[in-house]
Amino acid sequence: MPRFSVIVPAYKVQAYLQEGLDSVLSQSYPDLELIAVDDASPDACGQLIDEYAARDPRVTPVHLARNGGLGPARNAGVARATGDYLVFLDGDDTLAPGALQAIADRLKATGSPDVLVYDYARTFWTGETTRNRLAHRLSEEGPASFRLADRPALLGMLMVVWNKTYRREFVEREGLSFPPGFYEDTPWTYPALLAAESVAVLDRVCVHYRQRRTGSILTTSSRRHLDIFDQYDRVFAYLGTRPELDRWRPAVHRRMAEHFCALYADPRRLPRAARPEFFKRAAVLLRRHRVPVRSGAQPVSLSRTDRVRHTLMRFGVRRTYGLLSALRAAATRLGRGALGGWRGLREAALRCHYRIQRLLPLRPELAVFSAYWHGGYACNPAAIEAKLRELEPAARTAWICDPAHAATLPKETAALRPGSLAYWTALARATYLTTNVNFDRALVKRPGQILLQTQHGTPLKRVGLDLQDRPAATPTTDFAGLLRGADQWDYLLSGNRHSTLVWEKALPSSYTTLEYGYPRNDVFHRSGPGEALELRERLGIPAGSTVILYAPTHRDYRRSRPDHLDFERVLRDLGPRFTILVRTHLTYADAPPTWERHPRLLDVSTHPSVEELCLASDALVTDYSSLMFDYAALDRPIVIHADDWEAYEASRGTYFDLRAFPPGAIARTEDELVDIFATGHWQGSRSAQLRASFRTRFCTYDDGHAAERVVRHVFLNQNSSPAGV
């Protein structure tokens, strides 16, 4: 019996079906059966399904004699299913790489719930990909599994069958099946969520929901959209057979009203001639199934505007409803215009100030620095700023940062609040501009200004133009804008030859690459044992501890913080001589810790200097963070915990297979990670050999003098010695 039965109905999707079937059969989790249902499709869908069945024994072909629609096709697939869990996928959609493994892991972690809800991303025909805007409702914090009453917000998510997996025994017990007609998901998903004894969530994109330019049901004008009334009648008929679910009637009624209003507002679906009939039938249904809110009913929250809209539709007042919608749209436009007007006045004043300042002479002694999107004093820019003040006492330096980070600056460095008059004055008048990310896009680089881009890590993950085929993994798809920014760089700092080759291909422009090493790592060559001991005392690390710095990176395919190690279990198995420092990625800086307090577990996520944490530790445990390249310069043990490499590689993409060229031992599971430390393999001869090879490739120029080379070349116009000489 397979773990999963993946049911894929197919009708007139021959252009997309192969991609969908491949996305299932190529999953890293192989324990599945794929039931592909040819819904009497007039194109080549049936033939394609048979070809896949001939090649892969996991494929079960089902051919229906006549076209019945998605509902009957799915029922035919369910009838043939033998798996523990049912997974539904439409013929033009795809499963994300690693999705079934993630689903299987979450099912195990949450005690095999009746229903598991996961996330999806819309993939548009233009190539744009956007994640579900309600993904925050899938936070995995809190109880592993629950009843819907504990998280009723899930009822407000997209009520489709394919963003959930269902325990087959539960489906059979409840007698769930799909009706014919459009909106066939509705009479399945509501009963499934309402009746489930246990529900769990997975905060991960598992399905890519294709938004076709033409041919989609949701963009086809047809009277069949009136099928929605029969489908909601079926939902309330089900509730009528389950008195214990009666308290959900008001909430389902509200969702039904929202659904009717959204469908009525979409000009692509209802033919003009059908709109009066739709409104009339919607009114009938809203009156028929409305119940007074009684004690014990699930609470329903409605805005005043929604309450008015629902009421007007319930009483069938179509013209008034239309007038209200028009007035609401006009008021929204007016409100945005007024708000934009006030903001526009301020922005216009700042732009005028900036233009005037650009007419004034540059200040040759002024250098402006920034790091990490207006963060504090850190990274390569901080090391360069400090060396500049040391080598050129006449220099004046300023740092762009949010007020919350101003305390991290040296007293000799002025703080610039982003967007202020002083900020725009400095950008206009400074001769030197240094950052590890990007300056304001409104920056107009003047003749004579010198812009140094330091970057903030050796790239393992794809960057720049190399993300064009992975739009979901990049914060912006404005690649033209990225190139315009690169065109302003005079110098690009590189830590090694690998970085040079990557950046010059990923963000090609006319800048000069300085292959000088990373200034932020200079401190590793200047610090001795005494400083490390002082850092440990300041951090509160018990004397004599073996200190592991655990620093994972973020995941592009997840919105919430990734699962961390079971720290209590790891510390218990390793014994009392180990202490773990946890450094979460800055992407999750505002999220509260997800682990229990422990005397040998220290959260150092907000510590201002990651370099100090490296010096205070005996070993680094990371996954795919660029910190490994910096830590290698310390020549201390590194252990890679690569438990989701396939998913990470599929979502973000990497420049080399870290598993084939690691800086130390590799653990694919938590058990393997514990074993590496328990057996001493983390500091063994094989780990040392791997680290030496890694250092040779990536740390050639890390000799403690990178910042000096940069300052002498860029700021003092001196011919510094090449890195490594």
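Reply: We begin with a definition: buried means under 20% relative accessible area, exposed over 50%, and partly exposed in between (1.4 Å probe, protein chains only). Strands (E, at least two residues) and helices (H or I, at least four) are DSSP runs, numbered from the N terminus. This is a predicted model, in which local features need pLDDT of at least 70, side-chain atom pairs count only at pLDDT 80 or more, and totals for chains, interfaces and linings use all residues. Residues are numbered from 1 along each chain as its sequence is written, and side-chain values use heavy atoms, with hydrogens and water left out.

Me: Which residues of strand β15 are buried on each side?

Reply: In β15 (residues 491-494), Tyr-491 and Leu-493 are buried on one side, and Leu-492 and Ser-494 on the other.

Me: In which sense do β14 and β15 pair?

Reply: Two strands pair if DSSP finds at least two bridges between them. Here β14 and β15 are parallel, with two bridges; Gln-453 has Leu-492 of β15 as its bridge partner. β15 also runs parallel to β16 (residues 512-515), joined by four bridges.

Me: Where does Arg-446 lie?

Reply: Arg-446 is in the loop between β13 (430-435) and β14 (450-453).

Me: Which backbone oxygen does the side chain of Arg-446 reach at 2.6 Å?

Reply: That oxygen belongs to Leu-360. A polar atom of the Arg-446 side chain also lies 2.7 Å from the backbone oxygen of Ala-428.

Note on methods: A polar contact is a pair of N or O atoms within 3.5 Å; within protein, one must be able to donate a hydrogen and the other to accept it, and residues adjacent in sequence count only if both atoms are side-chain atoms.
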